[in-house]
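Please keep the sequence and the model in view while going through the numbered points.

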Amino acid sequence: MAKKALLTIEGRDPIELPILSGSTGPDVIDVSKLTAQGYFTYDPGFVSTASCDSAITYIDGDAGTLLHRGYPIEQLAENSDFLEMCYLLLYGELPTADEKAQFDYTISHHTMVHEQIRVFFNGFRRDAHPMAIMIGVVGALSAFYHDSLDIADERHRNVSAMRLIAKMPTLAAMCYKYSLGQPFMYPRNDLNYAENFLYMMFGVPCETYEVNPIIARAMDRIFMLHADHEQNASTSTVRLAGSTGANPFACIASGIAALWGPSHGGANEAVLNMLDEIGDVSRVSEFVKRAKDKDDPFRLMGFGHRVYKNYDPRARVMKQTCDEVLDQLGVNNDPQLQLAMELEKIALEDPYFVEKKLYPNVDFYSGIILKAIGIPVSMFTVMFATGRTPGWIAHWNEMISGSYKIGRPRQLYTGENQRDFKPMKDR
Ligand code: SDX
């Protein structure tokens, strides 16, 4: 028997609304026929709104669990690697050994960018924020692939997915090299995804560069922890852009733009800036006090989450990776890590944070590892975007390969009612 909700409005017959159930998680009330009844739903920030159905990622915010195609993030972080995660998100199952080898080969053979892209960088100032460059360059990629932009063609969708996953690290490293005035490093097919990224970031043509395997493994895990997170702001942006039929490169560029905000992916950069501003453990309480002050716009960056009302499982893995990397690099007493741990301790014991269920999120510790690896703060959100690309693409492909409508929300209009034009002489 299909479940139904009855909406009772004064003076009207009750409106029956279907209740739909997923494989797990909250049921949803299908309100799509409300417009015909003369109503819109109203939910700024989409706090109570499911925008679509999806089979890619599931988050239980109360339990603090995160599943990618049913597999817990902790198990994937421990046993898998980023390209296997990309395969899983895109195709729904873990690859066989042959499938994995083929996927790795395909990705590594799409890592180069057109030589004209190198010229594209010259239009930017050397001190341009790398996220500004990434939005421009990733969007511009569509200008180089006129032969495969038919989104109705599965082969075109797939090769675009390969190109985007493969080229993000190349473009990210080019942003960094451009800021230094150093030559771009061409990708190497003998290195794995994370090794290749570190080589393109820190290698120079004048000498050989040995990738540190500990750092490469940590980098790969950081990409994994950012790979997907259901209908977050940037993924919802990619879906909305994709619903118009825009090409995948334009859609991913829109996702990068949305991610840049400090409330979203820009938080990892904001956490490090906040730790710098706090400066010393003795000032932690002052900043926690500010974060609780309604009249102070300051918030503890890296804390809180729309969905998690428990510890973000990615933050736990990130902290463990942080300890491993700093320990193996012999940076055990990193002052910013000490400061972050003290801040976390005080915040988690503070009634304000306990009552509002504010816990560290994925961005709280990621910046500390990225900094230990040698990545500049301005590049932190670019790292997030690189990791999130398979998630964005998987959601875009899930929507485009199924049935979808152009996204077009309505509004509660609060402006002027109709009035006649007033000539200048009467104003
Ligand atoms: C990411 O959606 C995703 O899945 C995102 C993400 C992903 O993988 O895609 O997980 C990545 O974006 C993680 C979040 C990174 N952002 C930050 O760390 C910035 C700091 N956090 C906050 O800005 C905030 O917590 C948000 C934006 C993350 C969530 O905001 P919500 O869901 O709109 O919650 P809210 O602003 O309504 O906060 C609820 C209450 C408020 O107090 P009241 O109005 O109820 O009195 O908690 C307070 C807020 O003032 N609050 C904080 C706080 N976060 C929320 N107070 C102090 N410090 C904070 N960090």
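1. Thr57 has His68 in β5 as its bridge partner. The strand β5 covers residues 65–68, and four bridges join β5 to β4 in an antiparallel arrangement. Please note that the model under discussion is a predicted one.

2. Strand β2, residues 15–20, is joined to β3 by two bridges, and the two strands run antiparallel. Ile19 can be located opposite Ile29 in β3.

3. The next topic is the ligand. It is surrounded by 24 residues, and the closest are His229, His305, Arg306, Arg314 and Arg388. How does this shell divide by class, and how many of its residues are nonpolar, polar and charged? The shell contains nine nonpolar, eight polar and seven charged residues.

4. From His229, a polar side-chain atom lies 2.6 Å from an oxygen atom of the ligand. Gly302 takes part through its backbone: a polar atom there is 2.8 Å from an oxygen atom of the ligand. The backbone of Phe303 likewise has a polar atom 2.8 Å from the ligand, in this case from a nitrogen atom. Taken alone, the ligand exposes 1,100 Å², and the protein buries 78% of that area.

5. The second largest pocket has a volume of about 300 Å³. It is lined by 23 residues, of which Leu83, Leu191, Asn192, Tyr193 and Ala194 are the closest to the centre of the pocket. Two or more lining residues come from each of the helices α3 (97–108), α6 (154–180), α7 (193–202) and α8 (213–225). Which element gives the largest share of this lining? That element is α7, with six residues. Sorted by class, the lining of this pocket comprises eleven nonpolar, five polar and seven charged residues.

6. The largest cavity has a volume of about 50 Å³. Its lining is formed by Met112, Val113, Glu115, Arg118, Thr170, Met174, Phe184, Met185, Tyr186 and Pro187. At least two of the lining residues are supplied by α4 (115–121), and at least two by α6. By class, seven residues of this lining are nonpolar, one is polar and two are charged.

7. One link between the preceding points deserves attention. Helix α6 gives two or more residues to the lining of the second largest pocket, and α6 also supplies at least two residues to the lining of the largest cavity. The reader may wish to trace this helix, residues 154–180, in the model.

How values were computed. Residues numbered from 1 in each chain as written. Predicted model: local features only at pLDDT ≥ 70, side-chain atom pairs only at ≥ 80, totals over all residues. Heavy atoms only, no water. 1 Å grid on protein atoms, 1.4 Å probe; cavity = no way out; pocket = protein on both sides within 12 Å on 5 of 7 lines; lining within 4 Å. Points joined across faces, edges and corners; volume = space filled by probe spheres on them. Nonpolar A, V, L, I, M, F, W, Y, C, P; charged D, E, K, R; others polar. Pairing = 2+ DSSP bridges. Near = heavy atom within 4 Å. Polar contact = N/O pair within 3.5 Å; in protein donor to acceptor, adjacent residues only side chain to side chain. Areas by Shrake-Rupley, 256 points an atom, 1.4 Å probe, with all protein chains shown as cover.
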